[in-house]
Amino acid sequence: MARYEFVPGESTIALDASSSVHPIHTSTAGLTGFLDLDRQEGELHVPLGELRSGNPLIDRETRRRLDTKRHPEITAVVSTLTKTDEHTYATAGTIEAMGETVEAEGVLTITPDDSLRITGTRSFDVRDWGLQPPKLLMVKVHPDVTAHISLLARPS
């Protein structure tokens with residue numbers, strides 16, 4: 001079977017950003033979606049309401065800027081999945097956030113067992129989605145964010 005569903009409790013994304021003062025680390029679990037190895041496609045839904053950095057001020061400002069009430073999730077659609085070696089796949093598709101869709105490419109490591117463990121890291125400029133990084137008091141947040149995904153997928 002080549003279609004796998006992501007296990008929300010075991011699928012996470014961590015986002016690393018920087019500011020003029022200190023690094024910012026935010027993460028959330030509960031990712032949903034699927035990956036179909038035969039059809040070379042997939043979809044990932046990232047819930048934004050549960051993003052947490054450990055700093056309530058940053059969390060509140062992040063939710064406000066992402067407009068999580070109007071746009072509660074980010075959706076990534078994989079339209080091309082090409083195996084490049086034993087466990088590495090090149091991907092291409094789109095990422096929709098805050099009503100804006102941006103084309104993206106990346107690399108995933110897919111380790112099979114009874115299930116799939118999928119990992120990947122990719123950097124983005126949040127301005128591509130029209131998001132202006134905040135300035136909080138004397139702190140300026142930089143626009144580059146690195147996303148680290150770790151997904152567990154089981155046959156559906």
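**Fold, core and salt bridges of the predicted chain**

Buried residues (under 20% relative accessible area, with exposed over 50% and partly exposed in between; 1.4 Å probe, protein chains only) make up 40% of the 156 residues in the chain. The model is predicted, so local features need pLDDT of at least 70 and side-chain atom pairs count only at pLDDT 80 or more, whereas totals for chains, interfaces and linings use all residues. Residues are numbered from 1 along each chain as its sequence is written, and side-chain values use heavy atoms, without hydrogens and water.

Along the principal axes, the C-alpha atoms fill a box of roughly 50 × 30 × 25 Å.

The largest nonpolar core holds 36 residues. Such a core is a set of buried Ala, Val, Leu, Ile, Met, Phe, Trp, Tyr and Cys residues joined through side-chain atoms within 4.5 Å. Phe 6, Ile 110, Ile 118, Trp 129 and Leu 151 touch the most other members. Strand 12 (residues 144–155) gives the largest share, five residues. Contact means heavy atoms within 4.5 Å. Beyond its neighbours within four places in sequence, Phe 6 contacts residues including Leu 31, Phe 34, Leu 44, Ile 118 and Leu 151.

Seven salt bridges were counted, each a side-chain nitrogen of Lys or Arg within 4 Å of a carboxyl oxygen of Asp or Glu. In helix 1 (residues 56–66), Arg 64 and Glu 61 lie three residues apart, about one turn of the helix. Their closest N and O atoms are 2.8 Å apart. Arg 64 is exposed at 55% relative accessibility, whereas Glu 61 is buried at 12%. Arg 127 and Asp 125 also form a salt bridge (2.6 Å, N to O). Arg 127 is partly exposed at 43%; Asp 125 is buried at 17%. Shared partners join Glu 61, Arg 64 and Arg 65 into one salt-bridge network. Arg 3 pairs with Glu 5 in a salt bridge, with the closest N and O atoms 3.2 Å apart. Arg 3 is partly exposed at 30%, and Glu 5 is partly exposed at 31%.

Conventions:
Helix = DSSP H or I, 4+ residues; strand = E, 2+ residues; numbered from the N terminus.
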